[in-house]
Amino acid sequence: MAPTLNDVSGLRSLRAHGAAHGLLVGCAVNPDHLDGEPDYARTVAEQASIVVPENAMKWAALRPNATQYDFRKADDIVVFALSHEQKVRGHNLCWHEALPSWFAGTVTKENAAQYLTQHIRTVAGRFAGKLHSWDVVNEAIDVKDGRPDGLRNSPWLELIGPSYIELAFRTAREADGTALLTYNDYGIELDTPEQIDKRGQVMMLVRRLQARGVPIDAVGIQSHLSAGDVPGDGLIHFIRELRAMNLQVFVTEMDVNDRKLAEPVAERDAGVAKTYRDYLTPVLAEPNVTVALTWGITDRYTWLNGLQHASRADGKPERPLPFDYDYNPKPAFFAERDSIDGRPGQALPGADHYAPFNPTQPQRPQQQGRAELRRIVRNLVSSVCV
Ligand code: GLA
C-alpha cells in the first residue's frame with residue numbers, strides 16, 4: 001500500500017535523515033510517558049537517535065534527601081534508549097534551578113564544593129561509558145547580574161565562587177572519560193543587543209576554560225525560540241569560532257512558541273515551521289553542529305503550556321513541536337527534516353522525498369505494543385545501570 005503523507009517512520013524519520021547527514025536528532029523525554037503511553041514511546045523510538053531526560057537527571061529529581069539518590073526514572077530512560085539504539089545526553093550536573101528543597105538549609109560555603117563533586121562523581125559515575133554527552137554546567141551566564149565576567153549570581157557562585165564551573169567540568173571528566181562535556185545556555189541565538197552581549201560572555205567563558213586546560217568538548221545552544229525570530233549572522237560566526245577552537249555545537253532544547261501568532265491553526269503551524277526552517281537550515285549546515293534536539297516531541301506535553309509568560313492571549317495551547325497533540329507530524333517536522341537534508345551528506349538510499357504535510361489526510365502509524373516494550377526493557381534492566 002502506498003504510504004500516506006503522515007507516515008514518517010523508517011526511512012522517512014528524522015533519525016534516518018539525520019543518520020544520512022552525520023547528525024544525531026532527537027528530543028527531551030519524560031520516563032512516565034515512555035512507560036505509560038504507547039504513541040509517545042513509538043514516536044520517540046521512531047524519530048530519535050538521541051534523547052535527553054527533560055527533568056529526570058536534574059538534582060531535584062535524583063536527590064530526595066542529602067544522602068540518598070533515586071535513579072529509577074533516569075535509569076528507565078537510559079534503558080529505553082539503549083533498547084532502541086539511541087544515544088543519551090545527560091542533563092544536567094550543575095544548574096541554579098531544580099535544586100531540591102533541602103539544598104538551601106544544608107549546603108553551605110564550607111561544604112558546597114564537596115556536595116558538588118560528590119554529586120557529579122555519583123551521577124556521572126553511574127552512567128559512565130553509556131552517555132553521549134553531559135550538560136555539565138547549565139546557564140551560568142546572566143549579563144544582567146552585572147559582573148564583569150558575566151557570571152550569574154547563582155547559589156553555586158555564591159557558595160563556591162567562579163571556580164565552581166571548572167570544578168564541575170574536571171570532576172565530570174574524572175567520573176566519565178567518554179561523555180562529551182558540554183556548557184549549555186539560552187538567549188544566545190539571535191542578534192538582539194542582549195543576546196549579542198550574552199553570546200560574547202559565553203564565548204569568553206569557554207575561552208577561559210580552554211585556556212586553563214579545563215575539559216570541555218561542546219557548547220549547547222538551547223534554542224527556545226518565538227515564531228518570527230530571525231537569526232542573524234552572529235550565531236553562525238559563534239559556531240564557526242567554536243569550530244576553530246575544536247568544539248562541537250549541539251542544538252539542545254529547540255521549540256518555537258507561537259504566542260504572537262493568531263489563529264487559525266494552519267497559519268500558526270506555518271509560522272512555527274518557518275522559524276524552524278529559518279533557524280535550522282543555516283545552523284545545521286555547519287559541520288561542527290552534530291546534534292539537534294527539540295524540547296519534547298509532541299505539543300501534548302510541551303513545557304510551554306505550564307508557563308504563564310508563554311501562554312497565549314486566546315487561551316489556546318501552544319504548538320511548538322514537530323508533532324501535534326495526537327502525534328501527527330506538523331509542518332515543523334517537515335521543516336526540520338528539510339533542514340537536515342540541506343546539510344552536506346549522502347542522499348538517503350530508498351527515501352522518498354514526497355510532498356509536504358497534508359492536514360486533510362491524518363493517519364496514525366502502527367503502534368508498538370506496550371507489552372513488547374516492557375519485555376525489552378525488563379530484559380535490559382538487569383544488564384544495564386546496576
Ligand atoms: C531550561 C533548562 C531545561 C528546562 C527548560 C524549560 O532550558 O535547561 O532543563 O528546564 O529550561 O523546561
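**Buried charges and the ligand site**

K198 is buried, at a relative accessible area of 8%; buried means under 20% relative accessible area, exposed over 50%, and partly exposed in between (1.4 Å probe, protein chains only). The model is predicted, so local features need pLDDT of at least 70 and side-chain atom pairs pLDDT 80 or more, while totals for chains, interfaces and linings use all residues. Residues are numbered from 1 along each chain as its sequence is written, and side-chain values use heavy atoms, with hydrogens and water left out.

Me: Which side chain meets K198 in a salt bridge?

Reply: A salt bridge is a side-chain nitrogen of Lys or Arg within 4 Å of a carboxyl oxygen of Asp or Glu. K198 sits in helix α10 (residues 193-211), and its partner is in strand β5 (residues 180-185), 13 residues apart; helices (H or I, at least four residues) and strands (E, at least two) are DSSP runs, numbered from the N terminus. The N to O distance is 3.3 Å, and the residue is D185.

Me: What is the relative accessible area of E263?

Reply: E263 and R268 meet through their side chains in a salt bridge of 2.7 Å, N to O. Both belong to a network of salt bridges that also links D258, R312, D314 and K316. R268 is buried at 1% relative accessibility. E263 is partly exposed, at 32%.

Me: How many salt bridges does the structure hold?

Reply: Side chains of opposite charge can pair when their charged atoms come close. The pair D185 and K198 is one example. The total for the structure is 28.

Me: Which side chain does R42 contact?

Reply: R42 lies in helix α3 and counts as buried at 3% relative accessibility. The interaction is a polar contact, a pair of N or O atoms within 3.5 Å; within protein, one must be able to donate a hydrogen and the other to accept it, and residues adjacent in sequence count only if both atoms are side-chain atoms. The distance is 3.4 Å, to the side chain of D39.

Me: How much of the ligand does the protein bury?

Reply: Residues around the ligand include K58, H91, W95, N138, W295 and W303, a residue being near if one of its heavy atoms lies within 4 Å. Oxygen atoms of the ligand lie 2.6 Å from a side-chain N or O atom of Q222, 3.2 Å from a polar side-chain atom of H224 and 2.4 Å from one of E253. Taken alone the ligand exposes 300 Å², with accessible areas from the Shrake-Rupley method with a 1.4 Å probe, where for residues only the protein chains shown count as cover. The protein buries 88% of that.

Me: How many residues of helix α13 are buried?

Reply: Helix α13 covers residues 331-341. Its buried residues include F333, F334 and I340.
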